[in-house]
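The account below goes through two packed pairs and then the confidence of the prediction.

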Amino acid sequence: MQTFEGTAQVLEPQLARFILRLAAASSVKQGVGSNGHEKASAEAGAPKPSFALSTDFDYVPFAAGKAFGQCPAKEPRDLLDPHLQIEAYEARVCAILLSAGEAVGEDAKEGGQAEAIMKNGVLLGRLSRAHCQLVLLMRFHEAVARQEERLTGDGKERGKEGEEGVVTVGPAEVRVLRDLCHLFALSGMERDMADFRARDYLSSRQAEMVGREVGRLNRVIRAEAVSLVDAWMMSDKLLGSALGRRDGRVYGALFEEAFKSPLNEREVSEAYELHWKRLLLAGTGGGVARL
């Protein structure tokens, strides 16, 4: 079901509170000691609380146990590993989750849980957005991986019983989508670098590597940008934009649209004769401006 009600100010705190409840339940299940560290390591296969409805929240036990270390990337090409990218986004949301849990817990001691949630609305919004961006990245990688798996070397798709059929998305298109997925992941890291540097997950050198790789991917994707946009098959009528025309005739279309304006029905506007002409002539000694 799609949610049609509420605003970001309503939906973001709801998701954040749900994640905080998951983290609290995970801490209880794992048995977190008084020093804040888990007694039993948070493994990837650790059982989730019964109200965790999907694997999208599998990172929560790691946050509860503070089990994340540092990014293992040594070279820029290491950043193109989908598993590393997803781990980085998990580490980022875990860092925000730990900060949010600590802040809400401290404020709840003074004014109660509801007031603590209100005080930390900005932080909880960051938590919700970080979770959603993690889910988007996982789905993006999964979709591209499915396309890669179903393609054989000759650009054909092998059916369940071995039959072959021509696919609409071939190896060349899949390579572009893979680069686009990498750009989505790394540009998000560059944009929100403070979150990824939190708790020392990314080093300063790795942050520089992210920026360089984003620049390289931008140059790669630039050659495919028009095709990626045209792939949506949006008609000129639907877009209603001179800049987004399929034929690329931007400047001529802009002039045509400008001439349709009532202000441009005459070559010289009436306002020039009524007001601007005498002001301009007065400035050149051709008359006296009377305001």
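**Packing around helix H6**

Helix H3 (residues 82-111) packs against helix H6 (residues 171-191) at an angle of about 30°, their axes lying 11 Å apart. Here axes are lines fitted to C-alpha atoms, for helices over the stretch in contact, with angles from 0 to 180 degrees between N-to-C directions; helices are DSSP runs (H or I, at least four residues) numbered from the N terminus. H3 is therefore roughly parallel to H6, a term for angles under 35 degrees. The model is predicted: local features need pLDDT of at least 70, side-chain atom pairs count only at pLDDT 80 or more, and totals for chains, interfaces and linings use all residues. Residues are numbered from 1 along each chain as its sequence is written, and side-chain values use heavy atoms, leaving out hydrogens and water.

On the H3 side, Pro82, Gln85, Ala88 and Tyr89 meet H6 residues including Arg178, His182 and Phe184, where contact means heavy atoms within 4.5 Å. The residues of this contact divide into 7 nonpolar, 3 polar and 1 charged.

H6 also packs with helix H8 (residues 204-222), at an angle of about 145° and with axes 9 Å apart. Among the H6 residues that meet H8 are Val176, Leu180 and Leu183; the H8 residues include Val210, Val214 and Leu217. By class, this contact has 10 nonpolar, 4 polar and 3 charged residues.

The chain averages a pLDDT of 81, and 77% of the residues score at least 70; pLDDT is the predictor's confidence in each residue, from 0 to 100. Over residues 32-45 the pLDDT is below 50. Where pLDDT is low, the predicted coordinates should not be read in detail.

Conventions
Helix = DSSP H or I, 4+ residues; strand = E, 2+ residues; numbered from the N terminus. Parallel < 35°, antiparallel > 145°, perpendicular 65-115°, else oblique. Nonpolar A, V, L, I, M, F, W, Y, C, P; charged D, E, K, R; others polar.
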